Amino acid sequence: MFSSFSSFYEKSRNKEIVAGLTLISIAVILNLVFGYFAMFFAFYLSFFKWDYIGEMQFVGLQNFEIVIRDLIRGLHGAPYLLVPFYTGLKNILLYTLIVVPIQTFLAIVLASFANQKIRGQQFFKVSYFLPATTSSVIVALIFIWLFMKNGYINYVLTHVIPGFEPVDWINNKDYLLFAIATVAIWGTSGHFMVSFLAAMQAIPREIYEAAMLDGAGPIRRFFFITIPMLRPMVVYVVVMGLIGALQMFDLAWIMAGANGGPGGAGYTVALDIYNEAFTRIRPGVAAAKSWFLFAIIFTTTYLFQKKYGRAMR
Amino acid sequence: MTPRERERLIRRIWIVITYAVLITFALVYLMPFIRSLVASFMTWAQASAYPPEWIPNPFTLENYQKLFRLDLFPRWIRNTALYAGLIVAGNVLFTSMAGYAFARLKFPGKDVIFSALLSLLMIPMFVTLVPNYIIMYKLGLIDNIFGLALLGIVNVSSIFLMRQYFTSLSNEIFEAARLDGCGPIKAFFYIALPLAKPALGAVAVYQFLGSWNAFIGPLIFLRSPENFTLPVGLSFAFQRSMWTEYTPIIAGSLVASAPTILLFLVLNRYLIRGIVITGGKG
């Protein structure tokens, strides 16, 4: 058996085909099962009512109807406990609107300051990047402590901002989402700063030299050379930021808890999908909600890329 | 003031502003780490004092001792190391194989299969999460670190990175090998793999960071506390309030992030160059 296979292999003119297919087989099989099969299974599942153990019961579009009802009731001002998907969606859109522009802007500003002939550039890069290498769970745990009512952040803010009154960030529904957004910005902007720095260092020096001869100062050079040349990287960073922010789970799970904390202020769509699948035991509804999330991510990133050019790959 | 002097003055002011901004932000980014490091040697009473105190008094190792007295904590470290090890080994071996085949060999359906794999990158993990849970459940692999690792041992972005690297190698060396009668598999192990060390290093480091820090996968696929990885274990310890004081959690967080921080401090040049190649962690 084995010898006939090996002789086939040795003699085959199609040695390369056999080798190629063999080398990709494991990657392809695992991705077929956990990628494609899972994806089609999620689609199938979204038409069924099930509790993981009993019979699967075909319910047509009922699971999608549940989600849409939730959204409509939410728009009519139903309390957050009754409309988990609407609450999650509202929060995550606000969160994305805060996090993505600020982290992109901060990353560009820091990168352009660091992109000069200065000592200690490596030190700054390392300091800014360090949060990105640390687990979001650990980051969130540390920040809960820093965000306490008599914690370090309130202490610093009362000294930096005149007239600032200490706030109970984690337990106040008006501030929780901002606290989570702050942690996210702190955690990812440094990573993107390094990306921008790399892109800036790839801009040819001659362009700057020509501009300097024409009398353009550092600020003019920044707006008329650096920013336009960085456009592909900006698109890439924004798209990556959107994908990450819209799926935010870890920070909310730790800082707000699985139920979204006070007033559901830290509830997200990802938390809702988790709860639907594993707390309320409605995998069909969870699958339907995950398609909604996919649609939201796909549309936002598609629209952004269409408007501002294709992301680099 | 001559124009030259003015220019020099502006440049000097500009340098001062640059340093002020960069140092302020370096402090902002580093402060949580410094603050936690100091607090991990304090008692909770002192760590929660307002205004904040900076010198541990009394200096105590109690927080770390509490962690390691708990049987679960060393177990979580072992589990995380096992999980990260499996993911790194799987990715280094299987994605380099696939990347080499996609870059260097000719076989039917190559381009279609490769773009089919790449398009999986667009699918949010939450879409496949519930089905994968059911698949794992049917396979009897829930609460099993090997089962969990199965989901991540061939990461599509690693395949992409490896393919890019193998495509960038020059043709001649592979042609010379072929003329010498070296088959495609042999060429992979004896020529391609040794040449691919930088790319393999990047894949290994990224997968290590990703799997060491992974949360949602371990949270869903692991059930019993003795099988948890560090991020899940720490969040569990925090939510069950195994400690009324917070300092052991801080100490635990530092222990849990020490390997990734050390790895980064040692390999930062290399890692940052990796970002430049891949354009981000994808």
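**Entry 1**

A strand, as I use the word here, is a DSSP run of at least two residues, numbered from the N terminus. I am reading a predicted model.

I started in chain A and looked up where A:Tyr52 sits. I found A:Tyr52 in the loop between strand S1 (48-49) and strand S2 (57-58) of chain A. Its phi is positive, about 75°, although A:Tyr52 is not a glycine. I noted this one because most residues other than glycine have a negative phi, and most peptide bonds are trans.

The bond from B:Asn57 to B:Pro58 is cis, with omega near 0°. I placed B:Pro51 in the loop between helix H2 (44-47) and helix H3 (62-69) of chain B. B:Pro58 lies in the loop between H2 and H3 of chain B.

**Entry 1: annotated spans in chain B**

Next I opened the UniProt record, an unreviewed entry. Its annotation "transmembrane region" covers residues 12-34, 81-103, 112-134, 146-166, 187-209 and 246-267 of chain B. I checked two of these spans in the model. Residues 12-34 of chain B are 100% helix and 0% strand, and their end C-alpha atoms are 31 Å apart. For residues 81-103 of chain B I again read 100% helix and 0% strand, with the end C-alpha atoms 32 Å apart.

How do the axes of helix H4 (residues 72-104) and helix H10 (residues 184-195) of chain B cross? I found that they come within 11 Å and cross at roughly 110°. That makes H4(B) roughly perpendicular to H10(B), since angles of 65 to 115 degrees count as such. The crossing of H4(B) past H10(B) is right-handed.

I then listed who touches whom. From H4(B) come B:Ser96, B:Met97 and B:Tyr100, and they meet B:Pro184, B:Ala187, B:Phe188, B:Ala192 and B:Leu193 of H10(B). I sorted the residues of this contact into seven nonpolar, one polar and no charged.

**Entry 2: where the chains meet**

Last, I turned to the interface. I counted 102 residues of chain B in contact with 93 residues of chain A. Together the two chains bury about 8,900 Å², and 78% of that is on carbon and sulfur atoms. Which three residues supply more of the area that chain B buries against chain A than any other three? I found B:Tyr29, B:Tyr50 and B:Phe126, which supply 9% of that area.

Conventions. Residues are numbered from 1 along each chain as its sequence is written. Chains are lettered from A and ligands numbered from 1 in the order in which they are written. This is a predicted model: local features need pLDDT of at least 70, side-chain atom pairs count only at pLDDT 80 or more; totals for chains, interfaces and linings use all residues. Side-chain values use heavy atoms; hydrogens and water are left out. UniProt positions are given in the numbering used here, feature names are shortened, and annotations may be inferred rather than shown by experiment. Helices (H or I, at least four residues) and strands (E, at least two) are DSSP runs, numbered from the N terminus. Axes are lines fitted to C-alpha atoms, for helices over the stretch in contact, and angles run from 0 to 180 degrees between N-to-C directions. Angles under 35 degrees count as roughly parallel, over 145 as roughly antiparallel, 65 to 115 as roughly perpendicular and the rest as oblique. A crossing is left-handed if the near helix is turned anticlockwise from the far one by less than a right angle, and right-handed if clockwise. Contact means heavy atoms within 4.5 Å. Ala, Val, Leu, Ile, Met, Phe, Trp, Tyr, Cys and Pro count as nonpolar, Asp, Glu, Lys and Arg as charged, and the others, Gly among them, as polar. Buried area is the accessible area (1.4 Å probe) that two parts lose on being put together, summed over both.
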